[in-house]
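Welcome! Please keep the sequence and the 3D view side by side as you read.

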Amino acid sequence: MDYIVSASLLACDFTKLGSEIKRAENAGADWLHYDVMDGMFVQNISFGEPVLKSILPAVNIPVDVHLMVADPMLYIDNYADMGVMGITIHEESSCGVQEAIDKIRSRGLKAGISIKPSTPFEKLLPFIDKIDMVLVMTVEPGFGGQSFMHEVLDKIIQLREYIDKNNLSVRIQVDGGINDKTAELVKKAGADVFVSGSYIFGADDIEKAVASLKN
């Protein structure tokens with residue numbers, strides 16, 4: 001199985017935004033993970049369209065947008081216009097999930113659905129053959145730097161079994177508390193895309209940190 005590392009911008013040093021992106025790219029990160037929070041779906045507010053638009057000229061790897069927002073339909077076109085690789089919405093958001101998937105796909109982007117730790121994986125099944133990726137939150141969404149929730153591993157195992165049994169080309173992404181130790185756990189469970197922020201950007205040796213997630 002080939003593994004993908006998506007460096008979460010939420011954990012970088014914002015006073016050195018451009019150089020932090022270069023650090024992640026040079027260290028071997030495959031994607032840049034861009035968390036959008038609206039203060040309604042989650043308590044926190046992160047960054048939005050103006051920030052991404054300003055940094056995109058400095059980004060040389062695909063941008064993976066995670067919409068932690070109440071109504072993703074308000075945002076999809078604007079992020080698509082900027083040329084991101086894919087957009088992931090939450091199953092728990094207030095919009096129609098299928099409508100949002102259709103919108104993302106109509107823009108030629110990869111479509112993903114995310115679920116919170118408490119959401120059963122069965123909620124994804126009506127849509128799983130229509131998406132490219134499932135994002136399983138391994139912490140409660142909204143804030144970086146949280147500890148990995150081990151109880152989510154069973155959900156990843158169930159998803160991997162379902163995906164393989166039905167011969168689906170759907171990646172399983174994990175986000176929250178991902179480091180070299182927890183990456184081993186989610187790999188064994190069946191995940192293949194690892195979002196990591198604090199572990200990557202806080203590392204003394206960032207290349208070693210990224211490599212430890214892939215190997």
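## Strand β1 and its partners

Strand β1 and strand β2 (residues 31-37) run parallel and are joined by 3 bridges. Strands here are DSSP runs of E with at least two residues, helices are runs of H or I with at least four residues, and both are numbered from the N terminus. Two strands are said to pair if DSSP finds at least two bridges between them. In β2, Trp31 is the bridge partner of Ser6. Strand β1 is also joined to strand β8 (residues 193-196), by 4 bridges, and these two run parallel. There, Phe194 in β8 is the bridge partner of Val5.

How many residues of β1 are buried? The count is 5 of its 5 residues, so the strand is mostly covered. Buried means under 20% relative accessible area, exposed means over 50%, and partly exposed is in between (1.4 Å probe, protein chains only). Ile4, Ser6 and Ser8 lie on one side of β1, Val5 and Ala7 lie on the other, and all of them are buried.

## How to read the model

This is a predicted model, in which local features need pLDDT of at least 70 and side-chain atom pairs count only at pLDDT 80 or more, while totals for chains, interfaces and linings use all residues. Residues are numbered from 1 along each chain as its sequence is written, and side-chain values use heavy atoms, with hydrogens and water left out.

## The chain as a whole

The chain holds 8 helices and 8 strands. For its 215 residues, a compact globule would have a radius of gyration near 17 Å, and the chain agrees with that at 16 Å. This radius is taken over C-alpha atoms, and the globule rule is 2.2 Å times the number of residues to the power 0.38. The C-alpha trace spans about 40 × 35 × 30 Å along its principal axes.

Of the 215 residues, 54% count as buried. Contact means heavy atoms within 4.5 Å. Among contacts between residues at least 6 apart in sequence, 65% join residues at least 24 apart. The accessible surface comes to about 9300 Å², and 50% of that belongs to carbon and sulfur atoms. Such areas come from the Shrake-Rupley method with a 1.4 Å probe, and for residues only the protein chains shown count as cover.

## A closer look at Ser6

Let us return to one residue of the opening strand. Ser6 sits in β1 (residues 4-8) and is buried, with a relative accessible area of 0%. Leaving aside neighbours within four places in sequence, Ser6 is in contact with Trp31, Leu32, His33, Asp64, Gln173, Phe194, Val195 and Ser196.

## Strands β3 and β4

Strand β3 (residues 63-68) and β4 run parallel, joined by 3 bridges. His66 stands opposite Thr88 in β4. Strand β4 (residues 86-90) is mostly covered, with 5 of its 5 residues buried. Gly86, Thr88 and His90 point one way from β4, Ile87 and Ile89 point the other way, and all are buried.

## Two buried loop residues

Pro117 lies in the loop between β5 (110-115) and β6 (133-137). At 14% relative accessibility, Pro117 counts as buried. Not counting residues up to four places away in sequence, Pro117 touches several residues, among them Met137, Val139 and Met149. Pro117 and Ser6 are 111 residues apart in sequence and 20 Å apart in space, C-alpha to C-alpha.

Val139 is found in the loop between β6 and α5 (153-165). Is Val139 buried or exposed? Val139 is buried, with a relative accessible area of 4%. Leaving aside neighbours within four places in sequence, its contacts include Pro117, Phe148 and Gly177. Val139 and Gly177 are 38 residues apart along the chain, and their C-alpha atoms are separated by 7.0 Å.

## Two exposed residues

Asp154 has its place in helix α5 and counts as exposed at 52% relative accessibility. The C-alpha atoms of Asp154 and Ser8, 146 residues apart along the chain, are separated by 24 Å.

Asn167 lies in the loop between α5 and β7 (171-175) and counts as exposed at 70% relative accessibility. Although Asn167 is not a glycine, it has a positive phi of about 50°. Most residues other than glycine have a negative phi.
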